[in-house]
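Have a look at it first, and then we'll go through some of its parts together.

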Amino acid sequence: MWGYVLAFVFAIENINKNPHLLPNMSLGFDLYNALPSDQRTLENCLIWLSGHGKAIPNYFCGSQSKSVAVVSGTTWSISAQMGTLLELYKFPQLTYGPFEPLLQENSQYPSLYQMAPKETSLPIGMVLLMLHFHWTWVGLVASEDVKGIRFLSELRGEMERNGVCVEFVEMISVTERSYLILDIKYLLRIQESSASVVIIYGDTDSFLGLNFYRWTYVVTWKVWITTSQWDFTTSEKFSMLDTFHGTLTFSHHHSEIPGFKHFLQTANPSKYPEDFYLTKFWYINFDCSVSKSDCDKLEGCVPNASLDSLPLHQFDTTMSEWSYYVYNAVYALAQSLHEMLLQQAERQSMEIGNKVKFQPWQLHSMLKEVHFKKSAGEQMFLDDKRISEATYDILNYGSFPHGIGLRVKVGQFVPQAPRGQGFSINDEAIEWAIGFKEMPHSVCSKSCDPGFWKTAQEGKAACCFDCTPCPENEISNETDMDLCIKCPDSQYANTERDRCLQKVVTFLAFGDPLGAALACTALWLSLLTAVVLGIFVKHRDTPIVKANNRTLSLILFISLILCFLCSLVFIGRPNTATCILRQVAFGVAFTVAISTVLAKTFTVILAFKATTPGRRLRQWLVSGAPNSVIPTCSLIQLIICGFWLGTSPPFVDRDTHSEPGSIIIECNKGSITAFCCVLGFLGSLALGSFTLAFLARNLPDAFNEAKLLTFSMLVFCSVWVAFLPVYHSTKGKAMVAVEIFSILASSAGLLGCIFVPKCYIILLRPKRNTLMGLRDKTSPVGR
């Protein structure tokens with residue numbers, strides 16, 4: 001309060017000294033207390049209006065009124081109480097307290113002007129402060145009045161939009177007289193809360209201030225965020241154990257007024273002997289005594305006493321924003337008076353000695369148009385529509401031993417600045433609250449590291465969550481991510497699930513150990529088949545070769561070589577040509593091989609069943625009917641393959657899911673139905689060959705190969721029956737390797753079971769490869 005009065009006096013003195021503002025006129029003033037009581041506030045207003053020591057409504061006791069306007073504050077409620085009464089007289093009222101939208105309603109308070117800027121961006125600035133320090137779990141304390149409720153509503157809305165949660169809300173009554181019990185209740189709830197940051201909104205004239213004043217020596221281990229309306233620097237002794245040490249305050253930005261510092265240094269009761277308030281202040285703070293000879297004089301004061309020598313809790317020589325608004329209010333009134341006098345001078349010539357006479361309500365037209373530059377160059381308006389938005393300084397309060405208390409500017413919030421540039425703060429300059437050696441944390445749950453995502457805890461606020469590892473092939477590369485990000489198909493998640501790695505393109509290549517082994521095996525078996533073919537060609541005129549249809553054996557050798565070689569098409573990087581060729585070559589080569597086996601089985605059966613001359617079966621054998629099986633079956637398979645290639649041919653595909661770190665280049669079958677038809681036709685031929693060979697197995701061994709055909713088809717069918725489940729249970733290169741292995745194994749089974757025993761006789765038992773040998777072997781049967 002003392003700072004407001006001195007700023008008021010300083011403004012009036014400067015105006016009276018200014019020859020260009022209100023020349024030949026001096027301003028005077030009266031001071032009245034505005035106590036936090038509706039009755040006392042209205043009583044003082046009536047005393048002033050009546051011009052007498054008693055409050056006499058609607059009556060003026062003086063000879064003439066010299067008052068032209070009222071400067072009121074500091075709370076909006078006091079201004080509203082006074083405004084209701086002053087509006088009856090259309091008396092101008094300039095309030096220097098915080099801006100209040102309710103006072104902006106011209107229908108109720110048309111004679112009231114607010115000096116403070118609008119505070120609609122204050123919730124945004126506080127939330128930006130929380131986001132800067134990653135405080136997402138805070139407590140709220142506010143006065144239970146219209147202003148406090150509105151602020152909490154706006155603040156909570158802004159917090160929700162930015163992901164900041166409220167742990168508790170305490171509304172403290174502004175009218176409760178017996179606040180001792182309530183004080184303990186509030187204190188316990190705040191101390192027991194897990195939030196390290198608490199926002200306080202209110203003013204020290206309400207019972208919110210009275211409650212918190214009692215906490216000066218109670219350590220709550222909290223970081224307080226508040227506004228300059230709530231002045232907590234009232235403790236008589238400063239120490240590091242002050243519960244408000246480290247408080248962050250949002251204060252209206254304002255410039256220093258030139259000369260005010262010097263004015264405070266020289267202000268004393270001897271300079272202003274008529275100022276009762278200054279005398280009382282001096283008496284209280286400088287150990288003065290009252291003179292026995294003159295009760296209005298002080299003596300025995302501290303030598304060289306001055307206001308700037310007092311500690312912060314007794315008097316703050318730094319001009320507060322409210323003192324700044326008091327100064328501007330006086331200047332606004334002086335500017336309006338000056339303009340009105342100029343207008344009167346233009347309308348009429350004033351005789352010497354005439355006094356200026358006007359009514360206070362005549363100032364309204366001037367006040368609504370008032371426009372001047374403040375000390376820092378900012379534009380000053382009293383029109384509600386042109387009042388600017390407040391700019392904030394963020395102050396850090398520190399309480400230190402030996403009576404030292406400091407407010408240090410650590411940041412700024414400029415709502416009018418471009419987005420992202422209006423908020424700045426110096427973290428290193430902040431003195432944190434008791435118990436915090438570094439920046440405090442105020443969260444409900446610890447942050448989720450990269451590789452995890454936040455999952456809400458049922459029944460709790462959004463800021464309370466559990467950290468869950470990201471699913472397979474999904475990552476989170478930042479802390480506290482709400483959802484994991486799926487890696488692109490060309491990438492995969494690392495084991496920590498915090499970044500995506502590029503997948504390696506893979507296929508069964510000739511350079512791979514597996515691919516090289518299969519390729520060598522295929523070439524070796526092809527070479528072995530060619531060797532066996534050479535042996536049979538060399539011994540083509542021997543009975544064992546002639547007895548089993550040399551032509552069919554030659555066709556079977558060639559088809560087996562093609563079967564072995566077609567497996568090579570499955571190795572290497574797939575392309576459209578190889579994808580088509582591998583399936584067609586596989587289907588046709590195996591069809592020729594199995595149909596050849598079927599034809600050989602028919603030949604054996606016809607040879608032993610058509611013993612009677614003239615029978616139809618003998619005609620079939622003589623005409624070479626079994627040999628037609630091969631082209632017929634091959635034509636059917638070619639038609640199936642042609643239909644496959646014409647409707648949905650195989651194509652190159654990329655498998656990005658089977659192996660986490662690889663992109664598998666493979667051949668997509670295209671039409672699965674056509675592929676199954678190819679395998680089904682091969683299976684039907686194999687099953688038919690196996691059945692016929694099994695039925696002819698008891699015929700004499702020396703003259704037919706029925707048992708060998710039976711064993712060969714048994715091996716062939718076993719390989720492909722085992723192939724189906726294994727093929728469908730593998731992925732990538734292993735799937736191709738299984739198919740190649742099945743091709744090689746089944747082809748090798750045919751080669752080994754049919755021709756190896758015959759090579760054994762041709763090479764190692766040549767005596768058995770004669771007609772005499774054959775007769776000797778079949779003699780028991782002949783008998």
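## Names to know

Helices here are DSSP runs of at least four residues and strands are runs of at least two, both numbered from the N terminus. Keep in mind that you're looking at a predicted model.

How many cavities of 30 Å³ or more does the structure hold? There are six of them. The largest cavity has about 70 Å³ of space. Among the residues lining this cavity are Phe507, Leu508, Phe570, Arg582, Ile664 and Val736.

S24 provides the largest share, with three residues. Sort the lining of the largest cavity by class and you get seven nonpolar, two polar and three charged residues.

Now for the second largest pocket, which holds about 550 Å³ of space. Its lining is made of 24 residues, and the closest to the pocket's centre are His134, Thr136, Gly163, Val443 and Asp480.

Which helix and which strand each supply at least two residues of this lining? They are helix H5 (146-161) and strand S5 (165-172). H5 gives the most, with three residues. By class, the lining of the second largest pocket splits into eleven nonpolar, nine polar and four charged residues.

## A sheet with a helix on it

Strands of a sheet pair through backbone hydrogen bonds, and they can do so in a parallel or an antiparallel way. Is the pairing parallel or antiparallel in the open sheet with the order S1-S2-S3? These three strands pair in parallel. At the edges sit strand S1 (70-72) and strand S3 (112-114), each pairing on one side only. On average, neighbouring strands of this sheet are turned by 25 degrees against each other, if you ignore direction.

Zoom in on S1 and strand S2 (residues 93-95), and you'll find three bridges joining them. Valine 70 stands opposite glutamine 93 in S2. Helix H3 (residues 76-86) packs on the sheet and touches S1, S2 and S3. The direction of H3 makes about 175 degrees with that of S2.

## One residue up close

Finally, find glutamine 583 in helix H15 (residues 576-609). Is glutamine 583 buried or exposed? Its relative accessibility is 3%, so glutamine 583 counts as buried, since the cut-off for buried is under 20%. Leaving out residues up to four places away in sequence, glutamine 583 touches Phe570, Trp644, Pro650, Lys669, Phe675 and Glu739.

Terms used:
Residues are numbered from 1 along each chain as its sequence is written. This is a predicted model: local features need pLDDT of at least 70, side-chain atom pairs count only at pLDDT 80 or more; totals for chains, interfaces and linings use all residues. Side-chain values use heavy atoms; hydrogens and water are left out. Buried means under 20% relative accessible area, exposed over 50%, partly exposed in between (1.4 Å probe, protein chains only). Contact means heavy atoms within 4.5 Å. Two strands pair if DSSP finds at least two bridges between them. Axes are lines fitted to C-alpha atoms, for helices over the stretch in contact, and angles run from 0 to 180 degrees between N-to-C directions. On a 1 Å grid over the protein atoms alone, a cavity is a set of points where a 1.4 Å probe fits but cannot get out, and a pocket is an open set with protein on both sides within 12 Å along at least five of seven lines; lining residues have an atom within 4 Å of a point. Grid points are joined across faces, edges and corners, and a volume is the space filled by probe spheres set on the points. Ala, Val, Leu, Ile, Met, Phe, Trp, Tyr, Cys and Pro count as nonpolar, Asp, Glu, Lys and Arg as charged, and the others, Gly among them, as polar.
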